[in-house]
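Visitor: I have a structure to go through today. Can you walk me through it in short steps?

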Amino acid sequence: MPPPAPPTELVPSERAVVLLSCALSALGSGLLVATHALWPDLRSRARRLLLFLSLADLLSAVSYFYGVLRDFAGPSWDCVLQGALSTFANTSSFFWTVAIALYLYLSIVRSARGPRPGGLLWAFHVASWGVPLAITGAAVALNKIGYDASDVSVGWCWIDLEAEDRLLWMLLTGKLWELLAYVTLPILYVLIRRHISRAHAALSEYRPLLPEARSPQHRPSTADTKLLLIPLVFICLRVWSTVRFVLTLCGSPAVRAPVLVILHGVGNTFQGGANCIMFVLCTQPVRARIFSLCCCCPASPPAQRPAGSLGGSVPSRTRESQESQRTPVELPST
């Protein structure tokens, strides 16, 4: 790895944009947590996983906000603290994002042979909290977290660029898991969408006989669209940090380009806001409850939802369709 490039100077406009992104992400994560606390009937297993992802994104947004506001110019104790918090929260967010995709895949595609939900949830907790905590603790103990001159960050602290093995620790504290998520998420969601299409095709000849045939036909397409958006939004947000990471490894001066700096800052900090848009503002049952709460109007009683749903209510099934009860026609109906 070549010697570190000169520090990237953040101009006030860049800091303002990234700070706004942090604030909106924290607000969005808080709104996701609030919906989980206010309405117990929305606490499906998938939304419980979304709650833990929101907590990680909330901690990540707050720690990034402090780092960008502080705009560290050198090593300090709060630089190490902020870097440790953001490293833990950011890595945990990667794990929880993949955990949601894996849970949906096992619930939809492998429902008959999938593990028990309780054991699966414990495994997700151990992996998504334990692994980032162990990695971050090791990095702090070995003095690997520190000032990084904003070349692989945007004002906040991460891995000390003076460390000889900085590349290894950059991979362990985020980039390795980020790259794995780039591959894992699209594969899982493509497999889920293929299963959805096959389920629709298998039931198409019986659909005119079923009650849900009279329901609006936009439900499956909405679910399919959101399944596509989840990995797409994740990659679109995170890819800019990977681009600057590669440029830093190459010692390229393009790492300090203002457009890349802003895209990196917003991409790393807006995950909580993006999740809020997809699973609150673009989820009709949840959005209707929030609007009714703000307008002091009573919300209509919710319909029953399947255990794996990330969002809205679904129509009841007849005996003829019970064999497909856990198919993705209903489960990802967000």
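Visitor: Is Asp41 buried, partly exposed or exposed?

Guide: Asp41 is partly exposed, with a relative accessible area of 31%. Buried means under 20% relative accessible area, exposed means over 50%, and partly exposed lies in between (1.4 Å probe, protein chains only).

Visitor: Before we go on, what kind of model is this?

Guide: This is a predicted model, where local features need pLDDT of at least 70, side-chain atom pairs count only at pLDDT 80 or more, and totals for chains, interfaces and linings use all residues. Residues are numbered from 1 along each chain as its sequence is written, and side-chain values use heavy atoms, with hydrogens and water left out.

Visitor: Okay, back to Asp41. Which side chain does Asp41 meet in a salt bridge?

Guide: Asp41 meets Arg289, at 2.5 Å from N to O. A salt bridge here is a side-chain nitrogen of Lys or Arg within 4 Å of a carboxyl oxygen of Asp or Glu.

Visitor: Where do Asp41 and Arg289 sit in the chain?

Guide: In distant parts, 248 residues apart. Asp41 is in the loop between helix 1 (12-38) and helix 2 (45-70). Arg289 is in helix 9 (residues 284-294). Helices (H or I, at least four residues) and strands (E, at least two) are DSSP runs, numbered from the N terminus.

Visitor: And Arg289, buried or exposed?

Guide: Arg289 counts as buried, at 8% relative accessibility.

Visitor: How many salt bridges does the structure hold?

Guide: Four. Another one joins the side chains of Asp78 and Arg70, at 2.8 Å from N to O. Asp78 is buried at 6% relative accessibility. Arg70 is partly exposed at 40%.

Visitor: What does Lys175 form a salt bridge with?

Guide: Its partner is Glu178, with the closest N and O atoms 2.9 Å apart. Lys175 and Glu178 are three residues apart in helix 5 (residues 166-203), so about one helical turn separates them. Both residues are buried.

Visitor: New topic: rings. How many aromatic pairs are there?

Guide: The count comes to seven. Rings of Phe, Tyr and Trp (its six-membered ring) pair if their centres lie within 6.5 Å. Planes under 30 degrees apart count as stacked, over 60 as edge-to-face, and the rest as tilted.

Visitor: What sort of pair do Phe94 and Phe234 form?

Guide: An edge-to-face one. The centres are 6.0 Å apart, with 80° between the planes. Phe94 lies in helix 3 (residues 77-108) and Phe234 in helix 6 (residues 218-250), so the pair ties together parts that are 140 residues apart in sequence. Both Phe94 and Phe234 are buried.

Visitor: How does Tyr182 pair with Phe234?

Guide: Edge-to-face, at 6.2 Å centre to centre and 65° between the planes. Tyr182 is in helix 5 and Phe234 in helix 6, 52 residues apart. Tyr182 is buried.

Visitor: Which residues do ring pairs link into a cluster?

Guide: Phe52, Phe88, Trp96 and Trp129.

Visitor: Now helices. At what angle do helix 2 and helix 3 cross?

Guide: Roughly 155°, and their axes come within 8 Å. That makes helix 2 roughly antiparallel to helix 3. Axes are lines fitted to C-alpha atoms, for helices over the stretch in contact, and angles run from 0 to 180 degrees between N-to-C directions. Angles under 35 degrees count as roughly parallel, over 145 as roughly antiparallel, 65 to 115 as roughly perpendicular and the rest as oblique.

Visitor: How do helix 1 and helix 7 pack?

Guide: At an angle of about 15°, with their axes 8 Å apart. Helix 7 covers residues 258-269. Helix 1 and helix 7 are therefore roughly parallel to each other.

Visitor: Next, Arg47. Where is Arg47 found?

Guide: In helix 2. Arg47 is buried, at 5% relative accessibility. The C-alpha atoms of Arg47 and Phe279 are separated by 9.1 Å, while the two residues are 232 apart along the chain.

Visitor: Last one. What is the phi of Asn143?

Guide: Positive, about 60°, although Asn143 is not a glycine. Asn143 sits in the loop between helix 4 (117-141) and strand 1 (145-146). Asn143 counts as exposed, at 61% relative accessibility.
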